[in-house]
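Biologist: I have the sequence and the coordinates open. Can you walk me through the model?

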Amino acid sequence: MSIDRAEPAARILKVRRVAPDREDTTTLPGGSRSFNFIQVIGKFIDAVKYRLLCHVLSHMRVLKCVFAILRRIRPIMLVGNVLIVTKARDVREVLERFDDFVLGDSIEPGMPWGPFLMTVDWRDQHARERQMLQSVVEPATDLEHIRLIARTICRSRVAIAMATGRIDIVADLAEPVMVGIIADYFGIAPLDGDEDRMARAMRHLAGIIMVNPPIGSKAWFDSREDISALTQQVLDQIATARVGAEANFSGARQTLLARLVRRHGQSSGPAWFDEDWIRRYLTGLVATGGATIVRGATHAIDQMLARPEALQHAITLAESLDRTEKADGGGSPARPGGANAEQVREALRQCIYEALRFRPMLPLLVRDCPRRTVIAKGTPHARLVPAGTRVLAPPLAAMFDPDVFPDAERFQQRSIDSYFHFGFGPRHCFGKYIADIVMLEIVRALVCLPRLERATGPAGEVNYDGLAPCSCMATFEPRNAGVMR
Ligand code: HEM
């Protein structure tokens, strides 16, 4: 199926284009005053619940304490129809058992642009669709391309900040990098050609996947407007890529979008692989890949700034990486050095994962249990899980389990495979290869700034728009821009 270019994005999404301030009582039966009052109270309670949930999922202290207590007294606890799992091995078991703990129902409301990898609960179909996406990734060249984009933007953004000695980790660095990756690697240019507008859309899209704002709230309307605009943008770019593919124009470098369109044009692929699939999956990648990296990189830096020994460790590794890349004959973004450089990168990555452990990008993962089963079979805390149970499998709890993370309150070197940041099993993060490179380049660009520290006051804390960070100000010793590494 090919998408009619003229088909309005709003129709595909069934988005109501109504401004929040015009959402009045005209649709209410009778428009009675008492009904209005009850509705206002209901909206207020929903708004408070939403803000509270966003706060708890971003600041995490309360969650961490609750999980620590549960892990001691009742590692698998059923409250009503919600099951909370707090030991690392059990969290991992839930994530790895694809058929017994499904994701589709809980995540679908956060993906109103249509079915995406995360809403597919049929194992074989999930594997097929994931493989389709994977088939257009070209590791041999993509990794260096991603590194080049990230590093070039980091360098230019840091050079601008050099004059003032102040940098907003989110708005001046992480967001521009991700807008660049989405444009040059995914193949979706900024909405209205405006990078700030695109960064806002990234926040809103990621926000609704993690916690859907109350229907009718400003955040809800903003997200629908952004999805609508993004859908139109993706449709336009699919149409352009189709023209390029038909003319057999290979272009200097193919984006993920262009590769998918070309593949669709070339082969008699499966019936489900049509241009609408490409639209839904590209939108899904923007939603799962944009603000997630911004949140991950910002949380990691935030935790390094809170721990001088962690920051010093990151600085030492970043400087060592610079030297190793040069010694290996690389050093420019396009020639990143050889095996030695990769070893130092792995050490810096471990340092980032360890910092992120104290404030994970995703503290909580959710599943539903479609039929009765047992968790932690063969252990003293094995538990029967009734059908219809919602299961909370929190990476935040798992990464403080002393069985796998001894001396968990200390920042230290651990095996890089032990972390839960990117999930486990058939649903492990598809974009880890991008996140690993981009987070490293962002952290590296920041920690090498002379006398980097958190700005004083609330500006120096991570501030959020829903669940997506929108600012976090740091200061450093300003230098002449010409003195850049
Ligand atoms: C710091 C950055 C990121 C973190 C910490 C992260 C974390 C995760 C986690 C924990 C999951 C598993 C979710 C679950 O089991 O319920 C996941 C899945 C996924 N991630 Fe990421 N992610 C990041 C960046 C990205 C990026 C950059 C992309 C895309 C370009 C991406 C695309 C996906 C997709 C498509 C899935 C679903 C995989 C599936 O269902 O098969 N993620 N991610």
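Modeller: First a term: a polar contact is a pair of N or O atoms within 3.5 Å; within protein, one must be able to donate a hydrogen and the other to accept it, and residues adjacent in sequence count only if both atoms are side-chain atoms. At the start of H8, a side-chain oxygen of aspartate 168 comes within 3.0 Å of the backbone nitrogen of valine 170.

Biologist: What are the ground rules here?

Modeller: This is a predicted model, in which local features need pLDDT of at least 70 and side-chain atom pairs count only at pLDDT 80 or more, while totals for chains, interfaces and linings use all residues. Residues are numbered from 1 along each chain as its sequence is written, and side-chain values use heavy atoms, with hydrogens and water left out.

Biologist: Back to H8. Where is the kink?

Modeller: Helix H8 covers residues 169-186 and has a kink of about 30° at glutamate 175, shortly before proline 176. The bend at a residue is the angle between axes fitted to the seven residues ending there and the seven starting there. Helices (H or I, at least four residues) and strands (E, at least two) are DSSP runs, numbered from the N terminus.

Biologist: Which residues other than glycine have a positive phi?

Modeller: Alanine 376 is one of them, with phi near 60°; arginine 451 is another, at about 55°. Alanine 376 is in the loop between strands S5 and S6 and counts as buried because its relative accessibility is 0%. Arginine 451 lies in the loop between helix H16 and strand S8, and counts as exposed because its relative accessibility is 64%.

Biologist: Change of topic. How much space is in the second largest pocket?

Modeller: About 940 Å³. On a 1 Å grid over the protein atoms alone, a pocket is an open set of points where a 1.4 Å probe fits, with protein on both sides within 12 Å along at least five of seven lines; lining residues have an atom within 4 Å of a point. Grid points are joined across faces, edges and corners, and the volume is the space filled by probe spheres set on the points.

Biologist: What lines the second largest pocket?

Modeller: The lining has 36 residues, and Cys54, His55, His59, Arg359 and Tyr464 lie nearest the centre. H2 gives the largest share, 7 residues.

Biologist: And Arg359, buried or exposed?

Modeller: Arginine 359 is buried, because its relative accessible area is 8%. Arginine 359 sits in the loop between helix H14 and strand S4, and its side chain makes a polar contact of 3.0 Å with that of tyrosine 464. Leaving aside neighbours within four places in sequence, its contacts (heavy atoms within 4.5 Å) include His59, His299 and Asp302.

Biologist: What does histidine 204 touch?

Modeller: With neighbours within four places in sequence left aside, histidine 204 is in contact with Asp222, Ser223, Asp226 and Asp465. Histidine 204 lies in helix H9 and counts as buried at 11% relative accessibility.

Biologist: How many helices and strands does the chain have?

Modeller: The chain has 16 helices and 11 strands. Of its 485 residues, 54% are buried.

Technical notes
Buried means under 20% relative accessible area, exposed over 50%, partly exposed in between (1.4 Å probe, protein chains only).
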